[in-house]
Structure formats: structure tokens, C-alpha cells
Amino acid sequence: MKKNLHPEYRPVVFRDPSAGFAFLTRSTVTSRERVEWGDGRTYPVVDVDVSSASHPFYTGRGRIVDSAGRVERFRQRYGKA
């Protein structure tokens, strides 16, 4: 394997500020910000807009689309009488 070809793969904290949720995983992403984790060590931190704690699909707060109502409205407007 060639030296200095691949980025460093190390522990990184991903944080969702809107949900107050963070998790530690390994990644090659870089960040200048650092945060102290529960184990007493400091890790680079990356803020994300959406995580499993704030996405409607995972939280169950998603809207249900009324597809049947849309079809009926379409048929009323453009369908045959």
C-alpha cells in the first residue's frame, strides 16, 4: 500500500444541535472544532443538520400524504364525467 495516499481514519463525533443528539463513530472527515466525550477524551466534532433523532421518518412525526384525495381531485378536474 502506498504511504500518505489515504486520509486518516479516526474517531469523530457527529452532533445534531437541533435535537441535542451526538454519536461517536469513525470517519475520515476533518474538523477544527473539538468536544470532550464521556470517556474524558477530546474528539473532532462535526455538526449535522439532520440525524436519526431529528428526521421525521425516524421520529414518527412525518406527515401522511393524502394520495387518494389528490387522485380524486385530479379526476374531478380532468377526468371524464
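Predicted model: local features only at pLDDT ≥ 70, side-chain atom pairs only at ≥ 80, totals over all residues.
Arg15, Glu33 and Asp47 are linked in a network of salt bridges.

How many salt bridges does a search of the whole structure find? Two. Side chains of opposite charge can pair when their charged atoms come close. Let's take the two pairs in turn.

First pair: arginine 15 with glutamate 33. The closest N and O atoms are 3.7 Å apart. The cut-off for a salt bridge is 4 Å, so this pair counts. Where do the partners sit? Arginine 15 is in strand E1, residues 10-16. Glutamate 33 is in the loop between E2 and E3. They are 18 residues apart, and the pair links distant parts of the chain.

Arginine 15 lies in strand E1 and aspartate 47 in strand E4, so the pair ties together parts that are 32 residues apart in sequence.

Next, the fold. The protein chain has two helices and four strands. From the N terminus, the order is β-β-β-β-α-α. The strands make an open sheet, ordered E2-E1-E4-E3, with mixed pairing. Which strands stand at the edges? Strand E2, residues 21-27, and strand E3, residues 34-36. Each has a single partner strand, so one side of each is left without a neighbour in the sheet. From one strand to the next, the twist averages 45°.

Let me go through some of the pairings. E1 and E4 run parallel, joined by three bridges. Valine 13 stands opposite valine 45 in E4.

Three bridges join them, and E4 covers residues 42-47. Arginine 34 has proline 44 in E4 as its bridge partner. Valine 35 stands opposite tyrosine 43 in E4. E3 and E4 form a hairpin, with five residues between them. Look at glycine 40 in that turn: its phi is positive, about 90°.

Stay on E3 for a moment. Glutamate 36 is in this strand. Is glutamate 36 buried or exposed? Exposed, with a relative accessible area of 57%. Setting aside residues up to four places away in sequence, glutamate 36 touches Arg41 and Thr42. Glutamate 36 and valine 13 are 23 residues apart in sequence, and their C-alpha atoms are 9.4 Å apart.

Back to E1, for another arginine. Arginine 10 is in this strand. Arginine 10 is buried, yet it has no salt bridge. What is the nearest side chain of opposite charge, and how far away is it? Glutamate 8, at 4.3 Å. What is arginine 10 in contact with, leaving aside neighbours within four places in sequence? The list includes Thr25, Arg26 and Ser27. Thr28, Val29, Thr30 and Ser31 are on the list too. Pro44 is there as well, and Pro44 is the bridge partner of arginine 34.

Now the whole-chain numbers. The protein chain has 81 residues, and 14% of them count as buried. The accessible surface comes to about 7,300 Å². Carbon and sulfur atoms account for 51% of that surface. Take the contacts with a separation of 6 or more: 32% of them are between residues 24 or more positions apart.

To recap. Two salt bridges in the whole structure, with Arg15, Glu33 and Asp47 linked in a network.

Terms used: Residues numbered from 1 in each chain as written. Heavy atoms only, no water. Pairing = 2+ DSSP bridges. Axes fitted to C-alpha atoms, helices over the stretch in contact; angles between N-to-C directions. Buried < 20%, exposed > 50% of the residue type's maximum accessible area, 1.4 Å probe, protein only. Lys, Arg positive; Asp, Glu negative; His and termini not counted. Contact = heavy atoms within 4.5 Å. Areas by Shrake-Rupley, 256 points an atom, 1.4 Å probe, with all protein chains shown as cover.
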